[in-house]
Amino acid sequence: MSKMCQPIRALGGHICLPFGIKNTNLVEDIEFLLPVRFGEIPCSGCRGDVKNIKSLRRTDDDGRRTDDGRRAMTITHLSFAQLLPELSARLNISDADEVYIRRFFRKKDIQLIMKVFCDIRRSDTSSVADKLIQLLSRPHFQALLYAHDKVATHDYDEHIKAANQENGGDMVEEKIRIVQLIKRNEPLGVTIQRKDHTGTIEIARILHGGAAYRSGLVNVGDEIHEVNGIHFVGRDPNEIAQLLARLSGPVTMKLRPNIADGINRRISNVRVRCLFDYNPFEDPLTPCPHAGLSFRKGDILHIVSQDDPLWWQAHQERGVNSKSGLIPSRMLQERREILVKSNKEDGSGKRRRSRSLSPCRLSPRIPRSRRVRKMMYQAANNSEYEHGDIPTYEEVELLSPNINAPRPIVLIGAPNVGRNELKRRLIAWNPRHFVDIVPYTSRPKRPEEEEGREYHFVTRREMESGILARRFVEHGEFKGNLYGTRADSIQSAINSGRVCILTPSAKALPYLRTSDIKPYIIFICAPPLAKMKETRRKYDAMVTSDKGETFLFTDEELSAVVAKSSKIEAQYSHLFDKMIINDDLQWTLKELINITKTLETEPFWVPVTWT
Ligand SMILES: Nc1ncnc2c1ncn2[C@@H]1O[C@H](COP(=O)(O)OP(=O)(O)OP(=O)(O)O)[C@@H](O)[C@H]1O
């Protein structure tokens with residue numbers, strides 16, 4: 001069927017909505033009009049606008065029926081104004097109704113109605129569409145719509161003003177709004193509070209997307225006087241909350257509207273990455289657990305309201321129809337964490353001393369972490385400091401890939417979990433695309449080494465001045481020599497258009513997570529111990545000793561990898577973009593390759609300061 005026929009299609013449906021409420025023949029007439037199979041309507045040149053429909057002609061005067069037993073009609077080229085009298089006659093619509101229809105419907109309304117019916121008609125589930133149309137065609141439903149439209153389009157203000165003036169103009173009127181909502185298997189979507197000075201109950205919050213919000217009739221600050229005939233003034237808010245929770249079906253509320261800020265619903269567009277897990281049912285502070293939104297660390301939330309400084313409203317970014325709920329605001333969460341920490345300190349009777357940063361692993365070319373004696377980190381210019389020491393939420397935005405400056409991949413994990421093996425394999429898979437970073441050292445060059453291949457060899461003085469000038473993202477000392485990775489080495493790899501692969505210690509993460517480097521952080525997680533044993537033994541995986549000797553993993557070493565992996569995950573998971581469990585090596589590599597491909601083609605959430 002041509003696109004041009006759509007208005008006619010829609011018109012067939014549209015007719016049933018408002019017409020001929022008092023007309024007893026209406027249902028039959030509509031039944032005649034609605035089941036028209038639109039593919040059967042010849043449309044000779046209407047141009048996609050109802051105004052261009054010029055004539056209406058029934059082709060079934062003799063009662064002819066179409067193949068599926070429905071009666072057919074032809075509608076061609078008639079303007080709505082012309083069409084109406086003909087339809088009125090056909091449907092036996094009273095003059096008054098016709099006047100009403102002419103006045104009530106603007107072109108916009110007609111188009112909207114058309115669109116709705118087009119959608120219904122286009123629906124594949126024709127039985128559902130038919131049922132819906134049947135319901136809409138019922139006289140009592142139409143009477144309801146008719147009454148609603150009459151009331152909705154009437155301007156009562158004039159009458160009220162006139163009445164006021166008649167009464168001397170200074171009458172203080174108490175405005176009460178009666179609102180009816182239908183409550184099904186969902187909460188009303190409001191929280192309430194008692195006004196201290198008056199004792200009245202008022203709406204404290206309206207949950208974005210909930211039943212009250214959707215109605216558009218309830219506002220923050222509205223006083224609730226009655227619900228389903230139950231008087232609310234002077235009652236305990238908890239009792240009222242329970243009462244509201246028990247209600248189902250139609251809920252009629254008598255509200256005293258809050259004129260001041262009722263209509264100012266500010267919608268926030270902020271997206272955040274959650275840096276902690278939250279379950280409202282385990283939160284003793286929540287005003288209403290049922291109104292809360294649970295989330296996991298790493299989830300991206302759309303914050304829809306920050307009006308309340310303690311309880312924000314948010315919904316999950318993923319999932320089209322996810323419901324909004326209350327979450328603790330950043331301020332509330334930070335305060336709570338500070339309180340928890342100070343309680344712990346008080347409980348243990350001693351204050352936690354600030355510890356110096358402990359050693360960590362530096363590069364694949366030097367021995368392992370436990371042998372590195374001293375490590376310092378550069379604390380400048382990193383996004384961790386934006387949300388302080390207490391991870392709550394990180395504001396994020398989508399960042400599109402930039403092929404001229406690809407994001408470095410940072411592999412984080414426990415020592416011996418396999419990060420360097422994966423890095424080697426990834427670079428070997430596509431050496432033109434992936435690149436390793438050559439670290440700096442103050443150690444003298446060995447005969448078999450080449451400047452710029454294993455290391456950049458510099459003097460200790462040069463290394464130290466570089467560290468003081470904050471040129472290193474990670475640096476440490478081993479056996480009297482300094483080692484480190486310079487930020488400009490990473491930067492030049494980025495500028496070369498190649499993806500650099502980094503395997504730093506997790507402790508270096510806050511210092512790598514800068515807007516200059518924009519790393520994509522993947523946690524290489526150890527599988528459960530049994531799987532760890534199975535896979536490492538299958539490949540005869542080797543571990544390197546302090547003296548540089550290699551030997552097969554012992555059970556203790558495998559357990560240590562698993563334990564360390566869990567520890568890193570618990571401490572840093574809020575900074576991870578992705579997690580891969582490294583059990584089968586081939587599978588892990590494949591997964592890694594897929595992730596790098598996606599990263600180069602799709603936008604990803606990054607801290608808002610990076611964009
Ligand atoms: N999925 C796997 N299955 C079997 N063996 C693996 C797997 N991943 C890594 N290995 C092996 O485990 C050993 C340790 O891996 P690797 O040296 O890459 O660890 P690492 O995480 O880089 O450790 P470090 O950070 O201490 O250098 C290597 O012999 C490697 O081949």
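Mentor: We begin with a definition: two strands pair if DSSP finds at least two bridges between them. Please keep in mind that this model is predicted. In general, strands of a sheet pair through backbone hydrogen bonds, either parallel or antiparallel. Here, strand 9 and strand 14 are paired in the antiparallel sense over 4 bridges, and R273 stands opposite E394 in strand 14.

Trainee: Which residue stands opposite R271 in strand 10?

Mentor: That residue is H302. Strand 9, residues 270-274, and strand 10, residues 300-305, pair over 4 bridges in the antiparallel sense.

Trainee: What is the order of the strands in the open sheet of 6 strands?

Mentor: The order is 12-11-10-9-14-26, and the pairing is antiparallel. On average, neighbouring strands of this sheet are turned by 50° against each other, direction ignored. Strand 14, residues 393-399, is joined to strand 26 by 4 bridges, and the two run antiparallel. Within that pair, V396 stands opposite P607 in strand 26.

Trainee: Why is one side of strand 12 and of strand 26 left without a neighbour in the sheet?

Mentor: Strand 12 (325-328) and strand 26 (604-607) stand at the edges and have a single partner strand each, so one side of each has no neighbour in the sheet.

Trainee: How many helices and strands does the chain have?

Mentor: There are 18 helices and 26 strands in the chain. The chain has 611 residues, of which 29% count as buried. Among its contacts with a separation of 6 or more, 68% are between residues 24 or more positions apart.

Trainee: Is L411 buried or exposed?

Mentor: The general idea is to count neighbours: a residue is buried if 20 or more other C-beta atoms lie within 10 Å of its own. L411 has 22 other C-beta atoms within 10 Å, so L411 is buried. This residue is found in strand 15. Leaving out residues up to four places away in sequence, L411 touches R419, L422, K423, I501, T503, I522 and I524. The C-alpha atoms of L411 and Y520 are separated by 8.6 Å, although these residues are 109 residues apart along the chain.

Trainee: Which residues have the most contacts inside the largest nonpolar core?

Mentor: They are V410, L411, I412, I501 and I524, in a core of 39 residues. Several elements supply at least two residues each, including strand 15 (409-413), strand 21 (499-502) and helix 17 (555-572). Strand 22 provides the largest share, 5 residues. As for I412, the residues it touches, apart from those up to four places away in sequence, include A506, F523, I568 and F576. A second, separate core has 36 residues, among them V190, Y213, W311 and Y393.

Trainee: How many residues surround the ligand?

Mentor: The ligand is surrounded by 19 residues, and the closest are P415, G418, N420, E421 and A541. Helix 12 (419-429), helix 16 (529-538) and helix 18 (585-599) are the elements that give two or more residues to this shell. Helix 12 gives the most, with 3 residues.

Trainee: How many residues of the shell are nonpolar, polar and charged?

Mentor: The shell around the ligand divides into 7 nonpolar, 7 polar and 5 charged residues.

Notes. Residues are numbered from 1 along each chain as its sequence is written. This is a predicted model: local features need pLDDT of at least 70, side-chain atom pairs count only at pLDDT 80 or more; totals for chains, interfaces and linings use all residues. A residue is buried if 20 or more other C-beta atoms lie within 10 Å of its own, exposed if 12 or fewer, and partly exposed in between; C-beta atoms are placed from the backbone. Two residues are in contact if their C-beta atoms, placed from the backbone, lie within 7 Å. A residue is near a molecule or strand if its C-beta atom, placed from the backbone, lies within 6 Å of it. Ala, Val, Leu, Ile, Met, Phe, Trp, Tyr, Cys and Pro count as nonpolar, Asp, Glu, Lys and Arg as charged, and the others, Gly among them, as polar. A nonpolar core is a set of buried Ala, Val, Leu, Ile, Met, Phe, Trp, Tyr and Cys residues joined through C-beta atoms within 7 Å. Axes are lines fitted to C-alpha atoms, for helices over the stretch in contact, and angles run from 0 to 180 degrees between N-to-C directions.
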